[in-house]
Amino acid sequence: MKYFFIHISTSLITILLLYISPAFSQQIPFRTTTSPSEFEQQYDDLRYGREEWNFLQRSYPYNKIPYQKRVQASRKLEQMRQAGGAAGPGWTSIGPANIGGRVNSIAIDPSDKNIVYMGAADGGVWKSTDAGGTWVPLTDDLPSLSMGAIAIDPGNPRIIYMGTGEYNFIHQYGCKPSRSDQYPGEGVFRSTDGGLTWIQAGEKFSDSIVKIEIDPISTEIIYTVSIDGLFKSIDSGNSWTNVLGGITTDLVIDKNSPLILYAAVGKPDGDADNGIYKSTDGGANWTKLGGGLPESEEISRISLTISRSDPDVLYTGIACPGMGNMDKGAVYKTTDGGLTWAITGSGPNPDCYKNVIAVDPSDPDTVYTGELFIYKSTDGGETWVNIDPTISTYVDYHAIAINQNDPQTFYTGNDRGIYKTTDGGETWINLNQGLAITQFYDIAVDPSTESIIYGGCQDNGVLKYLGTDDWIDIDYFNDGGFNAVDYKNPETVYFENQYARIKKSLDGGNTSFSISEGLDTSRTGFVTPFLIDPSAHDRLYLGTYMLHRTTNGGDEWEIISPDLTKNAGEFDSFISAIGVSKINPDLIYIGTSDGNLQVTDDGGLTWNLRTNSLPDRFVASIAVDGESSLTAYAAFSGYGTSHVFMTRDAGQNWKSIDADLPDVPVNSILVGSEEPDTLYIGTDVGVFKSTDRGRSWFSFSEGLPVVVVSDLEANPGTALIRAATMGRSVFEIDETGDVNGDGKIDFQDLFKTIKIILRFPPSPSGGELIRADVNGDGDVGFDDLAGIFNMIHEE
């Protein structure tokens with residue numbers, strides 16, 4: 001903690017007592033993972049499960065998400081921020097800023113090779129002015145951080161276009177485009193000052209923008225590829241016209257004759273309209289190409305690239321529809337402007353999720369394609385070489401950007417960030433230093449030290465924080481999940497990979513072993529909740545569709561419930577939240593993905609359905625009051641009615657405590673350990689706080705991007721709170737100085753501190769004492785008063 005103090009004389013203290021009133025770029029090692037054979041057997045189902053898990057939370061029971069409501073919620077958040085008055089200390093990023101996350105788009109400034117823009121899945125647009133050495137976020141205040149495309153105006157590189165809403169998750173259950181683990185976007189945005197400020201470019205016409213292409217001669221002509229078709233603007237994006245229908249997945253322009261366009265239509269599960277289309281009049285008319293391409297029904301997502309040095313040469317990556325055809329995609333090539341096509345040599349297997357291709361601008365025979373790996377061909381596709389293993393393994397590629405003036409230099413974007421080569425792929429440079437775009441599901445804090453956190457991430461396994469924003473891998477295997485630290489033996493840590501692959505470490509994550517044996521995982525969520533009993537450190541609870549318990553740290557598991565969900569046998573029905581009383585360990589609350597809330601007061605012998613007044617929605621989080629086992633809180637995802645409820649009788653009756661909260665999914669609820677009247681919630685647009693048990697709420701998001709907050713955790717006995725986000729890594733806030741806990745530091749906190757010093761009232765709450773102890777010496781005195789006074793002065 002950093003605090004700034006000024007000297008306050010005795011006279012000044014006297015004046016205050018009389019007049020203040022209550023109304024007053026280090027590189028990280030490349031990582032390895034499991035063997036290819038192990039990975040390929042599990043890969044497809046894991047990714048689809050992740051999409052379904054995220055979609056289900058926000059869509060149940062309507063099977064759709066009213067995305068416009070999130071924009072409305074973000075606007076209300078901003079209104080609440082403005083109404084809140086003076087800001088408090090604010091959230092700060094603690095990384096990881098070295099691990100990376102899913103990168104969907106990369107653009108290199110054509111006039112300055114050192115300027116690079118990068119768009120992340122739900123991490124926004126970032127800019128580098130030193131060729132990826134350092135990064136600055138540009139879009140944290142926009143209503144959508146889900147990025148699908150970036151393009152730079154070739155005539156004026158300070159003009160940048162970005163398309164929001166990514167297009168990678170479109171497979172599950174018939175490849176429906178609506179199923180996604182990230183929010184769709186809010187249309188196209190334009191900046192005229194190199195990304196410093198942004199305005200929306202015309203009306204929103206699609207939730208997911210795949211690519212943006214700019215006419216190289218008439219740069220006011222813009223084409224936007226989206227899941228709702230190909231759109232064209234002739235006025236720099238102020239208005240848009242649909243020029244090609246269907247789910248379009250790519251577009252390339254003949255730079256020498258920009259009226260010649262090639263567009264790809266690729267409905268994921270195959271369709272009669274799927275294929276490659278050519279226009280010779282700027283999109284007014286189109287001709288569907290054949291000549292060796294697969295039949296339309298055999299085509300899924302399509303990627304395209306065109307040779308600048310010989311525009312009759314094009315390559316396309318074609319994925320096959322269906323989850324059983326992940327290894328049957330192929331790359332095709334034409335040398336006559338699309339009249340005829342031939343399949344290239346074996347190697348690349350593009351699919352719906354990972355399918356990108358790029359040709360060397362000076363050599364039509366040198367081409368790169370990214371899918372699970374990245375491949376290179378120098379003989380026009382006859383042979384392919386995997387150039388990926390020196391960088392990392394099994395990461396899924398979504399972007400390739402070649403320096404048009406130096407084709408040996410290019411950037412790649414994948415599920416673990418952004419990388420660069422300057423020698424055509426012989427060697428690679430990790431550029432993720434300073435790039436805080438990791439997607440977290442859950443974090444756990446070490447109760448014995450502020451400097452240790454564990455977190456489960458999308459495609460980055462389990463990470464560990466050691467006090468700096470350079471986090472370390474402790475278990476890399478696809479996605480991580482829930483985490484727990486033994487409060488008696490903090491070196492004992494529990495964490496998981498998807499579908500309840502739970503592990504235990506006895507040395508702080510350095511080594512681990514599986515403790516999954518004995519669990520019934522035949523039906524469970526992609527991220528499976530588990531926790532340590534707060535009154536017995538060797539007792540853990542884990543929820544699939546039944547509740548499991550171990551009393552010996554995972555050596556043995558027993559099932560202590562029947563099916564607690566509504567629909568036995570349904571894939572979408574599983575336990576999604578668990579809460580255990582600290583006072584009465586036999587009192588356990590569980591919530592399910594299909595809206596059930598069940599309670600046992602005898603350690604699992606009998607269960608009672610407690611859904612009175614609760615909505616039929618995904619139960620995202622349960623928190624039990626630390627002073628009364630009968631008082632608990634339940635947080636719900638989805639949209640409509642209320643999201644936060646309180647019970648004072650162990651669930652027999654519930655009361656909505658949403659008050660003035662926006663209609664937005666709530667993902668996590670945290671009860672103040674020292675002040676049970678204080679509640680925090682993590683939502684899809686940030687953090688909110690209440691100091692009166694939910695009778696009123698205020699925005700608690702100063703310094704926090706408009707991002708999904710997936711988990712909130714507090715360090716016991718401190719004023720530190722940590723927020724895990726789905727796309728912008730982890731943030732923390734130190735509430736030291738905010739003595740009354742209202743989210744801002746002002747003279748009321750100074751007056752409250754004076755009362756504590758004088759012991760009036762005689763028994764201030766533990767939370768007030770912790771927050772007033774500015775210098776951290778364990779006592780509240782005049783030095784702390786000086787520190788708070790200085791904080792007010794700094795504000």
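Helices here are DSSP runs of H or I with at least four residues, and strands are runs of E with at least two, both numbered from the N terminus. Counted in this way, the protein chain has seven helices and 56 strands. Please keep in mind throughout that this is a predicted model.

**The whole chain**

Begin with everything selected and colour the chain by accessibility: of the 795 residues in the protein chain, 64% are buried.

**The loop between α2 and α3**

Next, select the loop that runs between α2 (36-59) and α3 (68-83), where you will find Pro-61. The peptide bond joining Tyr-60 and Pro-61 is cis, with omega at about 5 degrees. Most peptide bonds are trans, and most residues other than glycine have a negative phi. Asn-63 is also in the loop between α2 and α3, and although Asn-63 is not a glycine, its phi is positive, at about 60 degrees.

Move on to the loop between β1 (92-95) and β2 (103-108), which holds Pro-96. Here the peptide bond from Gly-95 to Pro-96 is cis, with omega near 5 degrees.

Then select the loop between β47 (632-636) and β48 (644-647) and centre the view on Thr-641. Thr-641, which is not a glycine, has a positive phi of about 45 degrees, and with a relative accessible area of 65% this residue is exposed.

**A four-stranded sheet**

Now select β26, β27, β28 and β29, which form an open sheet in that order with antiparallel pairing. Why is one side of β26 and of β29 left without a neighbour in the sheet? β26 (397-402) and β29 (429-430) stand at the edges and each has a single partner strand, so one side of each has no neighbour there. Strands of a sheet pair through backbone hydrogen bonds, either parallel or antiparallel. Zoom in on β27 (residues 410-414) and β28 (residues 417-421), which pair in the antiparallel sense over five bridges; within this stretch, Gly-413 stands opposite Ile-418 in β28.

**The largest cavity**

For the next stop, select Ser-673, Tyr-680, Thr-718, Glu-735 and Arg-771, which lie nearest the centre of the largest cavity among the 19 residues that line it. This cavity has a volume of about 200 Å³. Coloured by residue class, the lining divides into eight nonpolar, seven polar and four charged residues.

**Helix α7**

Finish by selecting helix α7 (residues 782-794), whose 13 residues reach 18 Å from the first C-alpha to the last, close to the 18 Å expected at 1.5 Å a residue. Show the side chains and look for the buried positions in α7, which include Leu-785, Ala-786, Ile-788, Met-791 and Ile-792; Asp-784 and Asn-790 are also buried there.

Terms used. Residues numbered from 1 in each chain as written. Predicted model: local features only at pLDDT ≥ 70, side-chain atom pairs only at ≥ 80, totals over all residues. Heavy atoms only, no water. 1 Å grid on protein atoms, 1.4 Å probe; cavity = no way out; pocket = protein on both sides within 12 Å on 5 of 7 lines; lining within 4 Å. Points joined across faces, edges and corners; volume = space filled by probe spheres on them. Nonpolar A, V, L, I, M, F, W, Y, C, P; charged D, E, K, R; others polar. Buried < 20%, exposed > 50% of the residue type's maximum accessible area, 1.4 Å probe, protein only. Pairing = 2+ DSSP bridges. Expected span 1.5 Å × (residues − 1).
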